[in-house]
Amino acid sequence: MAAVPTPHTVSVRAVLRSPRLLRIEILAGLVTAFALIPEATAFSIVLGVDPRLGLFSSFVGAVAIALLGGRPAMVSAAAGSVALVAVPLVREHGADYLIVAVVLSGLLQVVLGVAGVARLMRFIPRSVMVGFVNGLAILIFWSQVRHLVGVPWAVYPLVAAGIAVVVLFPRVTKAVPAPLVAIVALTVVAVAGGLDVPTVGDEGALPQSLPSLLIPDVPLTLDTLRIVAPYVAGMALVGLLESLLTAKLVDDVTDTRSDKSREAWGLGVTNVLAGLFGGQGVCAMIGQTVINVRGAGARSRVSTFMAGVFVLVLVVGLNDVVAQIPMAALVAVMIMVAVMTFDWHSVRPATLRRMPRSETTVMVATVVVTVATDNLAVGVLVGVVVAMVMFARRVAHFTSVTPMDDVAAVGPGLTSDADDGAPRRRTYVVEGELFFASSNDLVYQFDYADDPDDVVVDLTRAHVWDASTVATLDAIQTKYAARGKRVTIVGANPDTAARLTRLSTLTPGG
């Protein structure tokens, strides 16, 4: 399916100077536009607004993000994940309130982008990313099932033929993207053969005029802000998370690093413009991005820009032609996108046997929640939480406490264990990372009743990370003090010592 000219990104200047690269980028934009149109139309219908809003938002979104975004070749348009968040708002208050919410969500994304929220991407583990990708692939495939149920019999051979073209055509030539060949060929077959099959036009009416500035008819009051505020936050976070994860996915495919902070605030500005000229929230379209990058071999901003331009040209200037494209052609392309997106290596028996159970659990949890909620952002958030719990649980088991008797004095005020009548003492060697999960059971590792009067807690091989551990050490000292015994904490590294001094209610070092 791939027609990849190079494994890295390409500058706009390099594309404009090379006829070969320019052809690849333009054709990639065209095939991506074909895939955007029915998706944007369907999302508008789900949202309960005129399909023109989704189509115009896709045009504005793709063009604007091509100029402002931090990830070349990534496509942003009217997205289903963002639309699902706003469904109750449109149902209860109408499309004008949607425009206000989209514009404000864009402003919030600008603020988050400037504040550096993109840096939080480092806290998303690989197992969550794999679950995100696999969940996405399942959602892409599942979204096509509705086009295969209760349809004329001719749809099935058309879909099969489309899949065959996408798979086999690259073996003949990679000069033209295989998805574009499949769309054109199946359209010709359907029209010439007079086949009665569902078409793009059946998804909703296509616009016949250019987009214009939309001024929402809502009162500028605090009550309006109260109504849209929950949806603003949801749309901003869902769109931002999906875009940043898609950027990371494209980074891996192209072996390059994108500017996530620029992508964040660029998406915000794009949403402000999309709200004013389209009316529907936008974010990265993962399926269309995969088509653009993997299927058509795009590597620059030109392809994204042209995708937006072609959306407008096709739905306004050539809407009669576009309306005749059989949905079977687009279903075939999207099925192959799902197949290409899924990380098949992650589910191989050999991989599952080798992978730690905690990693597999995180991946499965991300996939299950993503598919169950039909929301990639929720799936990723749950995956991160599960990963944190699994990590804390795993690290907690790496902590050990080893008692040692008759060790020479190592702390101030302690004498050697010689035969001169000096008191006996016991040293507890604590080893591992001490935080809330690992230190909870620490208090039970000491023999308060039978230990000698002098007890040493050796932290040379440990590190204290939080106030919970400091409180636990205080509790240990308090239990010994109640029995008239003295505890000395030794071996603390500078960071641990500073934390003990700052947070402990007792005096470290006895």
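**Exercise 1. Find which helix gives the largest share of the lining of the largest cavity.**

Solution. Helix 14 gives the largest share of this lining, with 3 residues; helices here are DSSP runs (H or I, at least four residues) numbered from the N terminus. The structure is a predicted model, in which local features need pLDDT of at least 70 and side-chain atom pairs count only at pLDDT 80 or more, while totals for chains, interfaces and linings use all residues. Residues are numbered from 1 along each chain as its sequence is written, and side-chain values use heavy atoms, with hydrogens and water left out.

The lining consists of His147, Leu148, Val151, Val155, Val159, Pro198, Met327, Ala328 and Val331, where lining residues have an atom within 4 Å of a point of the cavity, a set of points on a 1 Å grid where a 1.4 Å probe fits but cannot get out. Two or more of these residues come from each of helix 7 (155-172) and helix 14 (327-341).

**Exercise 2. State the volume of the largest cavity.**

Solution. The volume, taken as the space filled by probe spheres set on the points, is about 40 Å³, and a search of the whole structure finds 1 cavity of 30 Å³ or more.

**Exercise 3. Describe how helix 2 meets helix 8.**

Solution. The axes of helix 2 (residues 19-47) and helix 8 (residues 178-192), which are lines fitted to C-alpha atoms over the stretch in contact, come within 9 Å and cross at roughly 55°. Contact (heavy atoms within 4.5 Å) is made by Leu27, Leu30, Val31 and Phe34 of helix 2 with Pro179, Leu180 and Ile183 of helix 8.

Conventions: Axes fitted to C-alpha atoms, helices over the stretch in contact; angles between N-to-C directions. 1 Å grid on protein atoms, 1.4 Å probe; cavity = no way out; pocket = protein on both sides within 12 Å on 5 of 7 lines; lining within 4 Å.
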